Amino acid sequence: MDKVPLNFDFGDNLNPMINAFGQVVKNDGEVDDSSAVNVSVIPKAYSIWEDHVVAAVLDVEGTPVSDEEPPTQAMLMLLSRKDFKGVVSANNTTSPNAVSDSTKYYIESGLGNWRIPTEQEAKILYNSYWGILNGGSITSDLSPLNTLLKHNAIDPVCLDSKERYLCGEGKMTFGFYQDGYIVPAGKDKKYHLRLVHTVKVTTR
């Protein structure tokens, strides 16, 4: 049975959202850092955890951690299974809210509150795809993220050099193709969008 977000009334904090992992989601949409999910083992990058894609495992400061020295607590960067196509940017004069609207209604295995990657998160996703989170470097065919998506019948990452992904509140773009540059989005061009969600986990 899918987990369903629930609303509770906590007085001053009106109707805070409780996500699928039991964490409190604040009014601004961010997860309360003090509410961590207890796990027996910190999940690894390039794995499926609770039916979600773990693209990267970060320390509390947002730096990728090594599998050789797993921390006792970490932030999991989850990547949406769905690859949105044909999305106009927030710079579009006709439909500037189209990209943010894509995040409002996306629920994956009971988990809502997905969002557009920040510019820093876009860089992490790029490094994750190319296997260079911990200093390595591989080809596309050997990409651990690409392999994970393929083996689990999940929407693949688009590597076409002409196609780019939205980030930075939908106003910037980046490509998974071998450049990694982040540049402003055009007003009329359509882009791909891959949402992210961060979850704090702890073994304590």
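Aspartate 51 counts as partly exposed, because its relative accessibility is 38%, a value between the 20% and 50% cut-offs. This residue of the predicted model sits in the loop that links β5 (47–49) to β6 (52–58). Its phi is near 70°, a positive value in a residue other than glycine.

The hairpin formed by β5 and β6 has two residues between the strands, and glutamate 50 there takes a positive phi near 50°. The two strands run antiparallel and are joined by three bridges.

## Overall content

The protein chain has 204 residues, of which 46% count as buried. Its secondary structure comes to three helices and 13 strands. Taking contacts between residues at least 6 apart in sequence, 61% join residues at least 24 apart.

## The five-stranded sheet

β5 and β6 belong to an open sheet of five strands with mixed pairing, in the order β4-β13-β7-β6-β5. β4 and β5 are the edge strands, each pairing on one side only. Helix α3 (residues 144–151) packs on this sheet and touches β5, β6 and β7. The direction of α3 makes about 160° with that of β6. As a general point, strands of a sheet pair through backbone hydrogen bonds, in either the parallel or the antiparallel sense.

Both senses occur here. Strand β4 (residues 37–38) pairs with β13 in the parallel sense over two bridges, and valine 37 stands opposite valine 201 of β13. Strand β7 (residues 73–79) runs antiparallel to β13, with seven bridges between them. Five bridges connect β6 and β7, again in the antiparallel sense. Methionine 75 of β7 is the bridge partner of leucine 58, and methionine 75 also stands opposite lysine 200 in β13.

Strand β13 (residues 196–202) is largely enclosed by the rest of the structure, because seven of its seven residues are buried. Val196, Thr198, Lys200 and Thr202 point one way from β13, while His197, Val199 and Val201 point the other way. Residues on both faces of β13 are buried, Lys200 and His197 among them.

The count for β6 is also seven buried residues of seven, so β6 too is largely enclosed by the rest of the structure.

## Leucine 193 in β12

Leucine 193 lies in strand β12 (residues 190–193). Leucine 193 has a relative accessible area of 0% and is therefore buried, the cut-off for burial being under 20%.

Leaving aside neighbours within four places in sequence, leucine 193 is in contact with Lys82, Asp83, Phe84, Val87, Val99, Ser102, Ile116, Tyr165 and Leu166. Valine 157 is 36 residues away from leucine 193 in sequence, and the C-alpha to C-alpha separation is 10.0 Å.

## The second largest pocket

The second largest pocket has a volume of about 240 Å³. Its lining consists of 14 residues, and those nearest its centre are Arg115, Ile116, Pro117, Gly168 and Glu169. Ile116 is also one of the contacts of leucine 193.

The largest share, three residues, comes from α1. In α2, the buried residues are Glu121, Ala122, Ile124, Leu125, Tyr126, Ser128 and Tyr129. In an α-helix, with 3.6 residues a turn, residues three or four places apart point the same way. Just after α2, glycine 131 takes a positive phi of about 70°.

## Glutamate 169

Glutamate 169, among the residues nearest the centre of the second largest pocket, lies in the loop between β9 (165–167) and β10 (172–174). Its phi is near 60°, positive in a residue other than glycine. Glutamate 169 counts as exposed because its relative accessibility is 59%, which is over the 50% cut-off.

Terms used: Residues are numbered from 1 along each chain as its sequence is written. This is a predicted model: local features need pLDDT of at least 70, side-chain atom pairs count only at pLDDT 80 or more; totals for chains, interfaces and linings use all residues. Side-chain values use heavy atoms; hydrogens and water are left out. On a 1 Å grid over the protein atoms alone, a cavity is a set of points where a 1.4 Å probe fits but cannot get out, and a pocket is an open set with protein on both sides within 12 Å along at least five of seven lines; lining residues have an atom within 4 Å of a point. Grid points are joined across faces, edges and corners, and a volume is the space filled by probe spheres set on the points. Helices (H or I, at least four residues) and strands (E, at least two) are DSSP runs, numbered from the N terminus. Buried means under 20% relative accessible area, exposed over 50%, partly exposed in between (1.4 Å probe, protein chains only). Two strands pair if DSSP finds at least two bridges between them. Contact means heavy atoms within 4.5 Å. Axes are lines fitted to C-alpha atoms, for helices over the stretch in contact, and angles run from 0 to 180 degrees between N-to-C directions.
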